[in-house]
Amino acid sequence: MTLPTFNMPPPPSTPSPGLNVIALISGGKDSLYSILHCIRNGHKVVALANLHPAPKTTPSHDQSIQKYGQDGSGDMEEDIDSFMYQTIGHSVIPLYESALDIPLYRAPITGGAVDTARIYRHDAADQAAEHVSSTNPGTGSDSEDETESLVPLLRRIMQSHPEANAVSAGAILSTYQRTRIENVAGRLGLVPLAWLWMYPSLPAPAERDADPAAIAQAGLLEDMAGCGCDARIIKVASGGLDDGYLWENVSGSGTSGRALRRRLVKGMSRFAAAEDIRGAVLGEGGEYETLALDGPGFLWKMRIEVEERDVSIGEGGVAFVKLKGARCVPKSDGLEYTPRDVRRPALLDGLFDTALAGISSLSVHQTGLTVSSESVPSLEWSIGEPNHHLSPSTWTVSNLVAPGAGPGAGEQMSAIVTKVQHALSSPPVSISSPRSTEDIVFATVLLRSMSDFVLMNNVYVSLFKKSNPPARVTVACGDALPANVRVMVSFVIDRGARDRRQGLHVQSRSYWAPANIGPYSQAMSIPLQDEGRIIYIAGQIPLEPASMEVAAQGTPWFDGYSLRAALALQHLWRIGEAMQVDWWLGAVAFITGRDHIEGQVRIAWELWKKVHSRPEGDDDGDEGPQLDAWDIKYGRRAEELMPQAVESSLPRFSILDEDCQSTIPPFLAVEVDELPRGSDIEWQGLGSRCQQAKVLSLEDGTSTIADGRYSYHSLELEPESSGVSFEERLRSLATSHCQTSGLSQALLYTTLPVPERIWPGQIVPCRSVWGREGRRLTAAAVLQKECGVDV
């Protein structure tokens, strides 16, 4: 069963105003195709920007940044070896101003690849500084890096076009390119757009999905062909390609275009692994470069024609085309395209589309769609000194508050900043050396009201100047927080070597997952002391990535909430896959709402259960194209035997212990007062990179154990029935579970006040707590422990 109405990006209920975009162009297919997606998503491109090889004669200052017309580009090299920019075919770039009828600004590339780290300015003390010194001896400052050529060019354009507030680029899989553009954009106050980011791994647009002849491994090229793009190969640099590919149209329509794309796939398959073919077919590894000549008429007012081409053969199998006599000419009559013909990936992956379809079959009685009339009284309790937990790999500091600093969230957050900085500089004696805010990998921020978010965040951001700030979850607990507390913060600090830490901090708007809306990373991954890794994933709300608006607003609650719950969980999934998570240790679904809370809980649980259900027939080796010998030898269909897709790797059922009683990791649903952006669900999960996982269903909860080294134990405290008070039950739980060596986190979600100093870990006060199968609880504890190792 499918739900096609759910698998298209729904329009936001209140469309956000369009952005005014500066489009970075190289002449290649990806940067020009990204402009079409700017228009498709309601934005206006106000200027084109291009960096070209520096002239052999040094230009004057006034000539270094120019607004170009149709004439050529001067005495420049044909191509330079740049880590950052495509320069082959740069002599044609001035023609794009006339072809697209958009003003073009150009500047020479200065410097070289000084900072070659995967993440730009990774070791800089302040990512937003105007200039930073290189950490590599003898390489100078980043003012000598070719990336910095973008800064004066974009500033000049912003002076001429003060309305500009965004910048687009054609990055697909290159973290190197994306992080550099994001850094420059952030320093200039521009919104970065990377519509093609992770495009090969995204679900096919409906148009391609409905085309049985579409070539899956060349999906992006198929989508370019679907709106009339013309992009020619002008350089090849791969053993799988030769000079016979030069000047072929990779986005051509019809039989010839498909034939070329099949040849590309076949050529790349000789050298690329199955999981790398899609990137290689797009030229992401430098296998080939392209030049865009034409496209749909709503962007391309004229097309580019080249009168003469000379083929040159270089070393190592490199071949390229030298172009002469390029000019703009009127477009011939052809198919009329509109922005709606620019294909966008489907909103949901197959896994989540299927899970959502299953949710839609639940009846009202199954989901318990009842109106909650209960009110939650204010919890009269207080917080003393913060709690500390040390494990071999982490140090947690929980429940930092500062009600005495003043009544405002900003004042209290400032005092909390001072407290955590003092704690980091004067750590417990068992930590051999002081740590810094750079070592914080996860933060939980509890607010009294989401109206306090801006005040808190303006101070919070001062803690983090590096490239990968901690992952974070932020919720508002209302009057459940202690009296006079407007902000309560808990931190997880990595005790390991910084160079072994990994982060994911995607700030560009795309179709992949929501861009950052604040000073946090999507995920932080740290190594455990012996083996394996723990991955902290930031809280994910159901933003439609392209618009950054909450999805499906204004729709009936069941359909809208179900889609939002699935979409937010998919965001968690995609980030987990990007961080190579093998198995989820556990997850929490934060929810809001008063009218259908039991139904919301049940829907979240059913989604979590469905995406962890082992697929039926997953060991069936008979799936895929069935071709006979004639097809392969004479029908030229051998390429169809290659893998057609890179399937979801999460969850990785192959590592699950064969004696497991369940495949479903621990789950909790926690009702709070408010979530960011007015959302009604936020998923937050903890992932593991491991060789073996075991899920245990226990009488009082569920546990996941990774490699026998790290355990995540979710304990469910059901409403009192035996006459034992909540306080007594907490004391017993703390004594039996929280005094063992290696405990890294003891987190309590509670609907009742917690007497001071009874619970030795982090506390999250909430309106209601729910466990497996949607069972209502009084409280739940999550205990994380490194097993069999000493602190």
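The side chains of Glu 307 and Arg 327 meet in a salt bridge, with 3.7 Å from N to O. Glu 307 belongs to strand S9 (residues 302-313) and Arg 327 to strand S10, so this pair ties together parts of the chain that are 20 residues apart in sequence. Glu 307 is exposed, with a relative accessible area of 52%, while Arg 327 is partly exposed at 40%. As with everything described here, this contact comes from a predicted model.

A second salt bridge joins Asp 294 to Lys 331, and here the closest N and O atoms are 2.5 Å apart. This pair links distant parts of the chain: Asp 294 is in strand S8 (residues 288-294), whereas Lys 331 is in the loop between strand S10 (319-330) and helix H10 (350-360), 37 residues apart. Asp 294 has 17% relative accessibility and counts as buried; Lys 331, at 27%, counts as partly exposed.

A salt bridge can also sit within one helix. Glu 182 and Arg 178 meet at 2.8 Å, N to O. Both residues lie in helix H5 (residues 175-188), and because they are four residues apart, about one helical turn separates them. Glu 182 and Arg 178 are both buried. Elsewhere, salt bridges join into a network that links Arg 435, Glu 438, Asp 439, Asp 494, Arg 498 and Arg 501. In total, the structure holds 38 salt bridges.

Asp 657 is buried but has no salt bridge, and the nearest side chain of opposite charge, that of Lys 694, is 4.1 Å away. Leaving aside residues up to four places away in sequence, Asp 657 touches Gln 692, Ala 693 and Lys 694.

Turning to the strands, S18 (residues 533-537) is mostly covered, as five of its five residues are buried. In general, the side chains of a regular strand alternate between the two faces of the sheet. In S18, Arg 533, Ile 535 and Ile 537 point one way, Ile 534 and Tyr 536 point the other way, and all of them are buried.

S18 pairs with strand S17 and with strand S23. Strand S17 (residues 523-527) runs antiparallel to S18, and five bridges join the two. Within this pairing, Ser 525 has Ile 535 of S18 as its bridge partner. S17 and S18 form a hairpin with five residues between them, and Gly 532 in the turn has a positive phi of about 80°. The pairing of S18 with S23 (residues 681-689) is also antiparallel and spans four bridges. There, Ile 534 stands opposite Ser 688 of S23.

Cys 227 is in no disulfide, and the nearest cysteine sulfur, that of Cys 229, is 3.8 Å away. Cys 227 is buried, with a relative accessible area of 0%. For Cys 477, the closest cysteine sulfur is in Cys 766, at 7.4 Å, which is too far for a bond. Cys 477 also counts as buried, at 3% relative accessibility.

Some totals place these details in the whole chain. The chain has 17 helices and 31 strands. Of its 791 residues, 58% count as buried. Among contacts between residues at least 6 apart in sequence, 77% join residues at least 24 apart. The accessible surface of the chain comes to about 31,500 Å², and carbon and sulfur atoms account for 48% of this area.

Methods
Residues are numbered from 1 along each chain as its sequence is written. This is a predicted model: local features need pLDDT of at least 70, side-chain atom pairs count only at pLDDT 80 or more; totals for chains, interfaces and linings use all residues. Side-chain values use heavy atoms; hydrogens and water are left out. A disulfide is a pair of cysteine sulfur atoms within 2.5 Å. Buried means under 20% relative accessible area, exposed over 50%, partly exposed in between (1.4 Å probe, protein chains only). Lys and Arg count as positive and Asp and Glu as negative; His and the chain ends are not counted. A salt bridge is a side-chain nitrogen of Lys or Arg within 4 Å of a carboxyl oxygen of Asp or Glu. Contact means heavy atoms within 4.5 Å. Two strands pair if DSSP finds at least two bridges between them. Accessible areas come from the Shrake-Rupley method with a 1.4 Å probe; for residues, only the protein chains shown count as cover.
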